[in-house]
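Here is a short briefing to read alongside your structure.

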Amino acid sequence: MTALKLFRHSPKRKLLSLTFRVQRIVSAVSLCAALTQASPAQQSEHPTADLLSELIRLDTSNPPGNEGKIAEFLAERLRPLGFDIHIVTTPETGKAHFIARLKGDGSKRPVLLAAHADVVGVEREKWTVDPFAGVVREGYIYGRGAIDFKGGLAVFTRAVIRLARERLPLHRDVILLSEADEESGRYNTTWLADSHWDLIDCEFALNEGGWIIKDDRGGVQYVSISTADKRSVPVIVTATGSSTHSSMPTPDNPILTLAKALTRLADIETPLELTSSTREFLSTLARTSSPPLSDNLNTLLNGKDPKLIQRADQEISQNPLLHALTRNTIAPVMLKAGFRGNVIPGSAEATINLRLIPGTDLDALISSIRRVIDDDRVNVSLALPNTPEGARAAALLKQTANLQPSPKNTSLYRALEQSAHSIWPERPVTTYLFQAGTDAIAWRSRGVPVYGVYPYPISAEDLRRMHGNDERVSIQSLEQGTELIYKTLIQLESE
Ligand SMILES: [Zn+2]
């Protein structure tokens, strides 16, 4: 089914639809003419996969990122197609955001497609291929960022290129953003929004987030679109004691005090908290999976007996993702103590990463952590530096504490849902609370809806490679994802 058939048929829409159809035929004819003269590279069977390979070859491991390389690369390709290009440089050499705008007639506000260009580093010796070569193997593109999120950048870019080549008259500007500093660093989208909001202001946006999960037979099980992210909050737990010679240890060794505090933290069971999007997601999962998971999910969602619900929760929580979706999590991530083999240090500290369900009262959670540790030699505080940047981060935490999920009743959500149904008929589309954080906060904190999706069907096995070794995405999935995003943009025009 084409996107055009999805239009609702009011007389005005019929006319628009017809106009569109004629324009598309004309565009398709001119495109065919152009293609007959195109070079072999332009006639590639898998243009999104080819683009992803090229993006992977530009190493943007962050730090340092060097996202400016991607900006230059994309500018060269998009400028000739009629995009307005802005490269926003940052105070850090080589680090830049890239913005390409395809102009509409301005009768509707812009739609933005945001993808981060930086990637996390690699443990090179654990890869079976060069992580920065864009290797093609058995129908997959391998490389750092294949899933997170150069694959998404390639899909978004190819979708807007297709739109530009077809020269359809647009109501709204379509903005492609390739971002710096999503994985780490300070010149991220929060910085960009503070300094260049006019370039990225929009009615709504697409970003990374939900998943198009493959079932065991390789078909699509469900499409999840994230409408909110969990919040990541760093906390420092510091134990203090007497610094002295290690030949005469005292009972207040801060390393031992810290170890006891962390042991108590390990025993904290945070309570089950189901947001409306998590409920929708879990009931979709129940409908598309088999027992015992489907039974446990149904008990969790609809059960009346607290004991049975608790047992179902324990079973479901064996899966780390489902565990993370249904509660706040508390994870020690770094330890720092001691500096010599013969000195008991005066303090020891652990960094704890909290991941919070939207709406969580952070102060109350920190107080409950203090109560559980119950030791006045241990201090628990937010791990934010005493600098203007730290103060800004604290203010943002407060400001976003009660951030509402992006609503479902927007034309972008509907367009995404309808396009997904046209590509994978009968497969459910659900909202989703993203278990990690993304840079969507720059828009959501300003009231702009953001919908997150990794736009390629992916298996649970491949998902585990994200931020890990031999990260990969299938070529077929990339081309399907490009179709999804292209159709979404076309559908959006008809709304
Ligand atoms: Zn990412």
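In what order do the three strands of the open sheet that holds β4, β5 and β17 lie? The order is β4-β5-β17, and the pairing is antiparallel. Please keep in mind that this is a predicted model: local features need pLDDT of at least 70, side-chain atom pairs count only at pLDDT 80 or more, and totals for chains, interfaces and linings use all residues. Residues are numbered from 1 along each chain as its sequence is written.

**The three-stranded sheet**

- Strands here are DSSP runs of E with at least two residues, numbered from the N terminus, and two strands pair if DSSP finds at least two bridges between them.
- The edges of the sheet are β4 (136–137) and β17 (472–474), each of which pairs on one side only.
- Strand β5 covers residues 140–142 and joins β17 through three bridges in the antiparallel sense.
- To find this pairing on screen, look for I141, which stands opposite V473 in β17.

- D84 stands opposite R101 in β2.
- The two strands, β1 and β2, form a hairpin with six residues between them, and G94 in the turn has a positive phi of about 85°.

- The chain is divided into domain 1 (3–228 + 432–494) and domain 2 (231–399), with bounds that come from an automatic or database domain assignment.
- Their C-alpha centres lie 33 Å apart.
- Eleven residues of domain 1 are in contact with 14 residues of domain 2; contact means that the C-beta atoms of two residues, placed from the backbone, lie within 7 Å.
- On the domain 1 side, β8 (220–229) and β15 (429–434) are the elements that give two or more residues.
- The largest share of that side, five residues, comes from β8.
- By type, the domain 1 side divides into four nonpolar, six polar and one charged residue. Ala, Val, Leu, Ile, Met, Phe, Trp, Tyr, Cys and Pro count as nonpolar, Asp, Glu, Lys and Arg as charged, and the others, Gly among them, as polar.

**A loop residue: N342**

- N342 lies in the loop between β11 (329–337) and β12 (343–344).
- Why does N342 count as exposed? Because it has 7 C-beta neighbours inside 10 Å, and a residue is exposed if 12 or fewer other C-beta atoms, placed from the backbone, lie within 10 Å of its own.
- N342 and H245 are 97 residues apart in sequence, yet 6.2 Å apart in space, C-alpha to C-alpha.
- Leaving out residues up to four places away in sequence, N342 touches H245 and S246.

Note on methods. Helix = DSSP H or I, 4+ residues; strand = E, 2+ residues; numbered from the N terminus. Buried ≥ 20, exposed ≤ 12 C-beta atoms within 10 Å, placed from the backbone.
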